[in-house]
Amino acid sequence: MLRVLVCVSGGGTNLQALIDAVEQGSVTDTEIVQVISNNRNAYALQRAAAHGIRGVCVSPKDFPERAAFYDSFLQAVDDAAPDLIVLAGFLVVLPEAMIRKYRNRILNIHPSLIPSFCGAGYYGLKVHEEALKRGVRVTGATVHFVDEGTDTGPIVLQKAVSVMDGDTPAVLQRRVMEEAEWILLPEAVELFAHGKITVKDGRAVVTK
């Protein structure tokens, strides 16, 4: 049984998609053992509680310095004893010690087709604002492993989504969630649970 820890900062729609997939059986041999948020008001914690999943808040606001926050955060991660860590809208830069310890066991979902509209400053609605500003006709989402860079780890899965005339950032964000993110993230976890993702020479190899 794959033990999954989900880290999230906000509403937790991707968390909900993963919870639903586990409960409905499209993600198998998997248990979401804990949810960690840096925001005690994150609705994601309520989603977790509604499904009997332990939720923990570790906020940098509760610590005098970043190093102390990182120590506490990493301890909370270790306490969950995860096989896989999923970042589902987690707006915290991970400590390098955590990336080293859980190398190729941390998945992130990003709302664009990496390498487009990614890196420092590209998160949430900002990604879709920039996509519309640039005038792209196709966007999408990417699941990738986390490394020491920002959105630079090995790409696992991608799915394209059309941009429509008249789209606003919020409308496009919702379409990318519904047509890509909520599909890709459970699929990636299911593949990982059954040993179908490996990393070779810095690239993810997926066997379906």
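In α1, residues T13, N14, A17, L18 and A21 are in contact with M177, E181, W182, L185, P186 and V189 of α6, where contact means heavy atoms within 4.5 Å. Helices (H or I, at least four residues) and strands (E, at least two) are DSSP runs numbered from the N terminus. The model is predicted: local features need pLDDT of at least 70, side-chain atom pairs count only at pLDDT 80 or more, and totals for chains, interfaces and linings use all residues. Residues are numbered from 1 along each chain as its sequence is written, and side-chain values use heavy atoms, with hydrogens and water left out.

By class, the contact of α1 with α6 has eight nonpolar, two polar and one charged residues. Here Ala, Val, Leu, Ile, Met, Phe, Trp, Tyr, Cys and Pro count as nonpolar, Asp, Glu, Lys and Arg as charged, and the others, Gly among them, as polar.

Helix α6 also packs against α5 (residues 125-134). The two pairs are listed below.

| Pair | Angle | Axis distance |
|---|---|---|
| α1 and α6 | roughly 55° | within 9 Å |
| α5 and α6 | about 110° | 9 Å |

Axes are lines fitted to C-alpha atoms, for helices over the stretch in contact, and angles run from 0 to 180 degrees between N-to-C directions. Angles under 35 degrees count as roughly parallel, over 145 as roughly antiparallel, 65 to 115 as roughly perpendicular and the rest as oblique. The angle therefore makes α1 and α6 oblique to each other.

The crossing of α5 and α6 is right-handed, and that of α1 and α6 is right-handed; this term applies if the near helix is turned clockwise from the far one by less than a right angle. On the α5 side, L125, H128, E129 and L132 meet P169, A170, L172, Q173 and V176 of α6. Six nonpolar, two polar and one charged residues make up this contact.

The largest pocket holds about 880 Å³ of space. A pocket is an open set of points on a 1 Å grid over the protein atoms alone, where a 1.4 Å probe fits, with protein on both sides within 12 Å along at least five of seven lines; lining residues have an atom within 4 Å of a point. Grid points are joined across faces, edges and corners, and the volume is the space filled by probe spheres set on them. The lining has 41 residues, of which G89, F90, L91, N108 and Y123 are the closest to the centre. Elements giving two or more residues to the lining include α1 (13-24) and α6 (169-193).

In the loop between β5 and α5 lies P115, joined to I114 by a cis peptide bond with omega of about 20°.
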